[in-house]
Amino acid sequence: MTTFLSLTFAGLALGAVYFLAASGLSLIYGLMDILNFAHGMFMTLGAYAGWDLATHLPATTPSVLTFAVEVVAAIAGGALVALLTEVVFIRPLYGKPLSQVLVTIGLDLAVVALLLGGFGANSLSLPVPLWFLEATHAGSVLLPNADFIALAAGVVVLVVLEWFLRRTRFGIVIRAGVENREMVSALGVDVGRAFTLVFVIGGAMAGLAGLLYTAVFTGDLLSPLQGDGLLIFAFIVVVIGGLGSIRGSAVAAVVVGLLQDYANYYGGQHAGFSEIGNLSTVLLLALVLEVRPRGLFGRAT
Amino acid sequence: MTYAIELEDVHVSLGGSHVLQGVSFRVPTGGVTALLGRNGVGKTTTLRAIMGLAPHTGTVRVLAHDTRGLAVHRVARLGVGYVPEDRDVFAGLTVAENLRLAERVEVPAYDDAFALFPDLADRLRQRAGSLSGGQQQMLAIARVLLNRWPLLVVDEPSKGLAPKLVGEVADALSRVATTSTVLLVEQNLAVVRRLAERVVVLDHGRVVHQGPVGDLDDADLARQLLGVAAAP
């Protein structure tokens with residue numbers, strides 16, 4: 001039972017990071033019909049932005065403040081990169097979905113290559129507070145402190161995003177645009193501004209996801225390829241949850257995170273089944289596509 | 001005479017099909033002008049070209065502004081309310097959110113909208129997707145009344161509605177037409193006769209007749225233009 005509870009907690013933390021990675025992707029596709037392969041780049045550059053700013057702080061033992069600075073830098077870095085991507089590369093290509101896909105893939109490949117050339121693979125370590133590496137006892141269950149941060153970030157972002165989408169005018173524009181972009185324009189609303197905002201929000205969350213993934217799941221090592229690895233699961237979460245649905249992404253992220261953790265532990269112990277966690281996630285995706293192609297919370301088309 | 005809408009030699013091609021083949025007509029300011037024709041002759045496409053939703057060549061002037069190069073939201077902001085053929089209310093949004101989305105002025109005329117459609121005032125928190133077809137049509141019309149815009153472009157408002165609701169929607173449009181110019185696409189000729197002063201008839205992507213609504217009293221002409229007998 002103790003093992004099960006530990007796995008559940010770790011799975012929820014993983015799900016929280018998947019949610020951060022997937023929600024922006026889901027909104028961007030839902031509103032703009034863009035399969036944004038540059039989202040992995042947003043995650044990677046967000047993490048590198050956090051690392052870069054942290055290394056410019058006075059050399060002391062990493063503290064909570066250090067991590068707070070990294071979080072702010074990752075969010076701002078992800079948002080800035082997303083803004084530039086939308087304005088410079090995506091906006092001139094509206095109405096050309098294939099070109100948009102190609103340009104986002106090209107951007108992602110170029111940035112990964114530049115980072116590999118500049119920093120190498122797994123050569124940088126993200127400074128994190130010592131508390132991150134410790135664990136908290138909850139009865140007989142040992143819960144890694146870093147998982148608490150991931151979980152808290154996921155919950156906070158979900159609550160803020162839901163509030164934003166339900167209570168603000170921009171949120172209503174985005175939700176309406178996901179349903180019928182053309183009609184929103186016909187009501188006199190400049191959907192282009194909503195496009196840019198959605199990209200910026202998605203980039204900010206991706207930056208945060210990239211940083212947390214590094215801090216919680218990679219042993220603090222930054223890799224130029226980490227965003228792309230995370231992007232695959234983000235796409236799976238988006239499809240299972242339903243394109244354009246934040247709640248769907250949240251539920252699907254938790255399901256995928258838990259499934260992956262349980263499968264890796266209980267199945268991965270057997271010879272030849274070390275990748276059972278990833279396999280089970282893909283099988284779940286196939287099942288959802290077969291039974292409910294629009295995803296758990298996706299709109300009917 | 002001033003004109004709310006002017007089309008000159010408008011062409012639209014969709015998926016290789018030449019849907020509008022040089023449409024030219026003018027909608028005078030004030031009252032209701034009905035755009036008529038058989039199914040598939042390009043009525044909805046004409047309205048979409050006016051709104052900038054259908055790529056076109058030729059000249060479209062809305063409220064004396066040439067819409068060439070204007071994005072759809074800029075055309076709407078000239079002062080045009082658009083009620084599309086299938087209502088296109090946002091099903092996942094509440095009635096209140098649908099209305100809020102359409103607000104473009106400092107003080108939206110909610111009183112006007114609720115005076116015409118009091119049912120909506122009681123359903124503000126209801127999801128638009130759970131409204132009946134008639135209620136959705138009322139919401140689609142109410143949405144464009146909030147800004148008291150001078151021009152409304154309304155596509156088949158009676159489509160799929162029960163006769164009683166058709167009467168209610170026609171009543172509402174009749175009152176709206178006292179303050180706004182309305183370009184109306186409508187298959188129900190009884191509604192056209194009641195609301196419109198002028199008719200423009202399309203066939204095969206071209207204007208084939210323009211004149212007062214009384215022209216429809218000529219049964220032979222009505223049958224020839226619309227393929228139906230216009231009952232008096």
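**View 1. Chain B as a whole.** Residues 24 or more positions apart supply 66% of the contacts in chain B with a separation of 6 or more. The model is predicted. Chain B holds nine helices and ten strands. Its C-alpha trace spans about 45 × 45 × 35 Å along the principal axes. How does the radius of gyration of chain B agree with that of a compact globule? A compact globule with 232 residues would have a radius of gyration near 17 Å, and chain B has 17 Å, so the two agree. Of the 232 residues in chain B, 49% count as buried.

**View 2. Helix α6 of chain B.** This helix covers residues 133–145, which makes 13 residues. From first C-alpha to last, helix α6 of chain B reaches 19 Å. That is close to the 18 Å expected at 1.5 Å a residue. Is α6(B) mostly covered or mostly open? Mostly covered: eleven of its 13 residues are buried. Among them are B:Gln135, B:Met138, B:Leu139, B:Ile141, B:Arg143 and B:Leu145. Look next at what the buried residues of α6(B) pack against. The helices of chain B in that group are α3 (95–102), α4 (110–116), α5 (118–121) and α7 (163–176). The strands are β6 (80–83) and β7 (151–155) of chain B.

**View 3. A four-stranded open sheet in chain B.** The strand order is β2-β1-β4-β5 in chain B, and the pairing is antiparallel. Why is one side of β2 and of β5 left without a neighbour in the sheet? β2 (17–28) and β5 (65–66) of chain B stand at the edges, each with a single partner strand, so one side of each has no neighbour in the sheet. Now follow β1 (residues 3–14) and β4 (residues 57–62) of chain B. These strands run antiparallel, joined by five bridges. At one of them, B:Leu7 has B:Val60 in β4(B) as its bridge partner.

View 4. B:Asp66 lies in strand β5 of chain B. Is B:Asp66 buried or exposed? Exposed: B:Asp66 has 11 other C-beta atoms within 10 Å, and a residue counts as exposed at 12 or fewer. Leaving out residues up to four places away in sequence, B:Asp66 touches B:Thr59 and B:Arg61. B:Ile5 is 61 residues from B:Asp66 in sequence. In space, the two are 9.8 Å apart, C-alpha to C-alpha.

**View 5. A hairpin in chain B.** Strands β9 (residues 198–203) and β10 (residues 206–212) of chain B run antiparallel, with six bridges joining them. Together β9(B) and β10(B) form a hairpin with two residues between them. In the turn, B:His204 has a positive phi of about 50 degrees. B:Asp203 has B:Arg206 in β10(B) as its bridge partner.

**View 6. Where chain A meets chain B.** Here 16 residues of chain A are in contact with 19 residues of chain B. Which helix gives the largest share of the side of chain A that touches chain B? Helix α6 (residues 169–186) of chain A does, with eleven residues. By class, that side of chain A has eight nonpolar, three polar and five charged residues.

**View 7. A:Val17 in the largest nonpolar core.** This core has 176 residues. Which members touch the most other members? A:Val17 and A:Leu212 do. Beyond residues up to four places away in sequence, A:Val17 touches A:Ala150, A:Ala209, A:Leu212, A:Tyr213 and A:Val216. In soluble globular proteins, nonpolar side chains tend to be buried together.

Methods:
Residues are numbered from 1 along each chain as its sequence is written. Chains are lettered from A and ligands numbered from 1 in the order in which they are written. This is a predicted model: local features need pLDDT of at least 70, side-chain atom pairs count only at pLDDT 80 or more; totals for chains, interfaces and linings use all residues. A nonpolar core is a set of buried Ala, Val, Leu, Ile, Met, Phe, Trp, Tyr and Cys residues joined through C-beta atoms within 7 Å. A residue is buried if 20 or more other C-beta atoms lie within 10 Å of its own, exposed if 12 or fewer, and partly exposed in between; C-beta atoms are placed from the backbone. Two residues are in contact if their C-beta atoms, placed from the backbone, lie within 7 Å. Ala, Val, Leu, Ile, Met, Phe, Trp, Tyr, Cys and Pro count as nonpolar, Asp, Glu, Lys and Arg as charged, and the others, Gly among them, as polar. The expected span of a helix is 1.5 Å times one less than its number of residues. Two strands pair if DSSP finds at least two bridges between them. The radius of gyration is taken over C-alpha atoms; the globule rule is 2.2 Å times the number of residues to the power 0.38.
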